[in-house]
Amino acid sequence: MADEAPFPHAYPKEFDTELAAVWYAANYFYQQSYNRIGETTGVLFKKPSQKFGFTYRMDGGFLGAKVRWGDVPQEKGYVITAGWHTHVPGTRFCEIDRDGAAALCFAFGLTDGLMQEFRSFSSDDTGLAKDATRITHRKISFYLITADMIKRYTPGEQDKMWRKAVPSKMVGIWHENF
Ligand SMILES: [Zn+2]
């Protein structure tokens with residue numbers, strides 16, 4: 001059953017650890033998010049078998065993570081452990097041709113190009129994890145994914161960050177310096 005999606009929006013693969021699951025999601029889903037300039041979001045969960053899985057939704061906007069905790073049927077024994085989402089650097093607007101891109105490009109050149117703000121959790125992001133933690137009475141983390149890093153926020157703990165290789169299909173597409 002390992003390669004079947006157990007319920008809608010679940011990815012049909014299971015993992016030994018939460019980090020392995022989010023790492024896979026990062027490599028598999030970041031490029032689509034980057035191309036679309038929109039956040040991809042999902043929920044990390046533990047199966048009754050103690051293996052981990054994740055859900056995914058590729059419909060987020062540029063700002064704001066719409067994590068649907070309700071995608072995981074907890075009544076069936078699946079336990080939510082964390083959420084995950086992508087951030088696309090605002091400087092990506094510089095690469096596309098659309099109205100207003102020039103002004104946005106300039107603004108993001110400062111916040112994302114210079115200050116790397118897209119690598120940080122927003123107050124909405126941390127609020128999401130805090131709310132989920134309060135409601136479930138368990139610590140629910142929230143992961144932030146870019147092409148080359150994974151960051152974890154857990155209420156009451158230090159953020160943790162892992163550097164990773166850029167997904168193989170994004171080599172030459174993703175720029176380290178915008
Ligand atoms: Zn965010």
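**A walk to strand E4**

Begin with strand E4 and its neighbour: select E4 together with E5, and you will find that a hairpin of three residues joins E4 to E5. The model you are looking at is predicted.

Next, zoom out and colour the protein chain by secondary structure, which shows three helices and six strands, arranged from the N terminus in the order α-β-β-β-α-α-β-β-β. Along the principal axes, the C-alpha atoms fill a box of roughly 50 × 35 × 30 Å. The radius of gyration of the protein chain is 16 Å, which agrees with the value near 16 Å for a compact globule of 178 residues. Of these 178 residues, 34% count as buried, and among the contacts with a separation of 6 or more, 56% are between residues 24 or more positions apart.

Now return to E4 by selecting residues 141-145, where five of the five residues are buried.

To locate the pairing, pick glycine 83, which stands opposite phenylalanine 142 of E4.

Finally, select residues 149-153, strand E5, which pairs with E4 in the antiparallel sense over four bridges. Which residue in E5 is the bridge partner of tyrosine 143? Labelling the pair shows that the partner is arginine 152.

Terms used
Residues numbered from 1 in each chain as written. Predicted model: local features only at pLDDT ≥ 70, side-chain atom pairs only at ≥ 80, totals over all residues. Buried ≥ 20, exposed ≤ 12 C-beta atoms within 10 Å, placed from the backbone. Helix = DSSP H or I, 4+ residues; strand = E, 2+ residues; numbered from the N terminus. Pairing = 2+ DSSP bridges. Rg over C-alpha atoms; globule rule 2.2 N^0.38 Å. Contact = placed C-beta atoms within 7 Å.
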